[in-house]
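Subject: Structure handover

Hello,

I am passing on the structure below, followed by notes on what was found in it. Please read the notes with the structure open.

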Amino acid sequence: MKPSFRRAVRCALLLCNAAFVTVPAWAQAQDKGEQWEITTRMEMAGMPAALPATTTRICVGKNAKDEVPVPKQDNCRTTESRRTGNTMRYRMECTGKDAMVGEGEITYAGDTYTGRMHMTGKSGGDTFDMTQNFTGRKLGECTGTVQQQAKAAQAQAATQVAESCAQAADRLTWQLVFEPGALCAGQQAQFCERVSRYAQEWREPKAYAAYRQQGVGDPTEAFARCGQDFAGVAKVACARGVETRDWAFVSSGTCDADVRVVGDANCKGRAFTGMDRNLVPLCSRYATLTRGTATAASEDAARRAPTPTAQDAVTQGIGAVRKLLPF
Amino acid sequence: MGGRPRDRGAARRVAIGIARVAVGACVAVALVNPRPAIAGAPDAFPGAARAYVVVRDGVTLWSAQADDPLPPASLTKLMTALLVAEAGRLDEPVTIGPRAAAARGARLPLRAGVRVSRGDLMTAMLLRSANDACVALAEAVAGGEASFVAAMNRRAAALGLSHTRFRNACGLDATGHAASAADLAILADAALAVPAIAARVREESAVVRRGEDPPVRIATTNALIGRVQGAIGAKTGFTNRAGHCLVGVVERDGVRVTVVLLGARDRWWDAVAMIERAFDASPGVRPRGG
C-alpha cells in the first residue's frame, strides 16, 4: 500500500497544481463574469479512503464554460476536444518528469454541469491512476470583473500559503520547507530562526512540556535540518526537571535515563501506598521502565518513535494546495 | 504552488490510520462478544502474578494463565455489586441481621439491628470491601446468601464467564469458589457500565451512614485512585488462598485499560507498570505531564 499511496499523493499534488493554473485561463475576459460553485472529489488507486470533497467558488468569463478546463501548464496540452450536444469530451497529455495522459468529459445542464477526468501516468518512476469527479453550478453574476476576481483569488491563495508556512514553522513541519519543491521552500531562514528560538526556550521543562502537549510530531529532524541538536536540548531540559523536582515532566517519557538514576534512589523498594504522592509519577515511570520484558518494552519504543500527527506535513501540503483548487 | 512534501510520513500516517481502523474493528467485535481474545497475548510480565491480563479497549495486550480459575477474593464483590445495582432500590433501608453483623474479615463495622440503605452498604462493600455490608446486601436482595449466590452464578453464565464459579457472595476462600483473570476483566467492564457502581469505585473516600450509629468516613482500598491519572476503579481483594488481587481500570483520552492480577507479587507497582505500558503503546493517548 505504501508505494501506491506515495503515487497517489504525488498525483494529488500534480493535479492540484495543474488545476490551479486553469484559473487564469478561464479568467481572461474583461467583462463581469459568472460565479460558479465547483465541488471536486478525487479518487486514487491505492488510497485506502477517498480524499474529502472540496468546494470552491470562482468567476469565469461568460462563455468560458465552452473552453476545455484542462491544465494549462507548459508541458501539458489538449490533444483532442469535441462537443456533442451538452457533453464536451477531451484528451490531454503532459510530458516531462510527471508525464501523464488524461481523458475527461463534462456534461452541461443549464446552470449546472457534472464532469469526470481520468488520468494515468508516471511520477518519480511510479505509475499512478486517478479519477477526479466534479460538479458545478452557477450562482449568478460576479461582483467584480473576472480579472478582479482572479486577482482576489490569487491574493487569497497567497495568504493561505503564507498561513500554511507560518504554521509549518510553528509546528516544525520541516517537510513543507525542506523537501524538494516544497510549498515553503523560500522560508528556510525563518523556519530555522524559529527552531533556534525553540532550542533556547525548551531548555526549560515547562516550555518543552507545552510543546509536547500540542500533540505535534518529533522535532528531531526539524532541529537537524537547522543544525540544532534536539537531543541535547532535551537533555538540558531533563536535568533542569530533575533539579527542580518537576517529576511530571521528568516522567513524561523524555527523560528516561534520568528516571532510572533518580528512581533508583527514590523509588526502588518503596511501597506504592505509603509514598509521597509527588513522587508517584516518577516512580510509576520507573516501574514501567524496570518491570516486564522486552515484549512490553518494544511497545514503548514503538510509541516513542516519531509519530505522524493529524497535521503532518503531507496533510498540510495537500490541504494547502486543495484550498486553492478552482474546480 | 508546486509543493511536494515528502510522502513517507503520509504513508506512515495512513498505515497508522488503517491500524486504528483495525483496532476499531476489534473493539466492534469486542462489543458483540465481550470476551477479549487472549490466545497469543504474550506474557510480558512473567512472575508478576499467578494470573494476570491487561486489556486495552477490548484487546488483550499481555496475559498469563488468564483462563485459569483461581480464588478471586473480594473481586467477587464486583458481581455482588452488579446484582445489587440491577435490583435497584438503593435508597431502601436494610436492617442488618446477625449473620451480616458477624461477618469475618474486613468490616465497616455494622451492628445487628441498625438500618442502612442499600446504597450506603454498596459504598462500604466496594470501597472498604466490608464483608458485613456484603452479606447484608445479599440477604436483602435475595432473602439469603445461598439464593444470592445462585443468582450470581446465573449472571456469570449470562456474561459468558465460563471459568467462574461463586460459592459465596463476598469472596471468602471456599472450595470451588474461583474466577479467571479474563472473566474478571469482563465482569469489571459490566460492573463499571452501571452508573451506581462506577460513581462509587472512582471515589477516594466516602461517608457511610449507619442508622442511629455515627457515620463512618471510609477510604478506598484501591490505591490507584488518586495516584494514577485516569484511574476509575474497580476493586481489590486479599485472602490467604488468593493472595493479593486487583482489578484496576484506567481511562485516558477515551482509551480504557483494564488490568486484573490474581495472586500478585507486588500488585501496585506491577499494575502501574502494566497500565503505563498499555497507554504508552496506544497511539491515541497524549504524553503525560510533559
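To begin with a pair of helices in chain B: the axes of helix α4 (residues 118–127) and helix α5 (residues 131–142) of chain B come within 8 Å and cross at roughly 140°. At that angle α4(B) and α5(B) are oblique to each other, since only angles over 145 degrees count as roughly antiparallel. Their crossing is left-handed. On the α4(B) side the contact involves B:R118, B:L121, B:M122, B:A124 and B:M125, and these meet B:A133, B:C134, B:A136, B:L137 and B:A140 in α5(B). By type, the residues of this contact between α4(B) and α5(B) are nine nonpolar, no polar and one charged.

Please note that the model is predicted.

Helix α2 (residues 77–87) of chain B packs with α4(B) at an angle of about 165°, and their axes are 10 Å apart. That angle makes α2(B) roughly antiparallel to α4(B). The crossing of α2(B) and α4(B) is left-handed. Here B:K77, B:T80, B:A81 and B:V84 from α2(B) meet B:R118, B:M122, B:M125 and B:L126 from α4(B). The contact of α2(B) with α4(B) divides into five nonpolar residues, one polar and two charged.

Next, some backbone details in chain B. Most residues other than glycine have a negative phi, and most peptide bonds are trans. Which residues depart from this?

- B:Q65 is not a glycine, yet has a positive phi of about 50°. B:Q65 sits in the loop between β2 (59–64) and α2 of chain B, and counts as partly exposed because it has 19 C-beta neighbours inside 10 Å.
- B:A73, also not a glycine, has a positive phi of about 50°. B:A73 lies in the loop between β2 and α2 of chain B. With 29 C-beta neighbours inside 10 Å, B:A73 counts as buried.
- The peptide bond from B:L108 to B:P109 is cis, with omega near 10°. B:P109 is placed in the loop between α3 (98–101) and β4 (115–117) of chain B.
- B:G233 and B:A234 are joined by a cis peptide bond with omega about 20°. B:A234 belongs to strand β7 (residues 231–239) of chain B.

For chain B as a whole, the secondary structure comes to nine helices and nine strands. Of its 290 residues, 53% count as buried. Among contacts in chain B between residues at least 6 apart in sequence, 61% join residues at least 24 apart.

Now chain A. Chain A has 13 helices and seven strands, and buried residues make up 40% of its 327 residues. Among chain A contacts between residues at least 6 apart in sequence, 61% join residues at least 24 apart.

Which residues of helix α6 (residues 205–213) of chain A are buried? They are A:P205, A:Y208 and A:A209. These residues cover an arc of only 100° around the axis, so they lie on the same side of α6(A). What do the buried residues of α6(A) pack against? Their partners are α8 (230–243) and α9 (247–250) of chain A.

Finally, A:T56 is found in strand β2 (residues 54–60) of chain A. A:T56 counts as partly exposed because it has 17 C-beta neighbours inside 10 Å. A:T39 is 17 residues from A:T56 along the chain, and the C-alpha atoms of the two are separated by 6.5 Å.

Regards

Notes
Residues are numbered from 1 along each chain as its sequence is written. Chains are lettered from A and ligands numbered from 1 in the order in which they are written. This is a predicted model: local features need pLDDT of at least 70, side-chain atom pairs count only at pLDDT 80 or more; totals for chains, interfaces and linings use all residues. A residue is buried if 20 or more other C-beta atoms lie within 10 Å of its own, exposed if 12 or fewer, and partly exposed in between; C-beta atoms are placed from the backbone. Helices (H or I, at least four residues) and strands (E, at least two) are DSSP runs, numbered from the N terminus. The arc is that of the directions from the helix axis to the C-beta atoms. Two residues are in contact if their C-beta atoms, placed from the backbone, lie within 7 Å. Axes are lines fitted to C-alpha atoms, for helices over the stretch in contact, and angles run from 0 to 180 degrees between N-to-C directions. Angles under 35 degrees count as roughly parallel, over 145 as roughly antiparallel, 65 to 115 as roughly perpendicular and the rest as oblique. A crossing is left-handed if the near helix is turned anticlockwise from the far one by less than a right angle, and right-handed if clockwise. Ala, Val, Leu, Ile, Met, Phe, Trp, Tyr, Cys and Pro count as nonpolar, Asp, Glu, Lys and Arg as charged, and the others, Gly among them, as polar.
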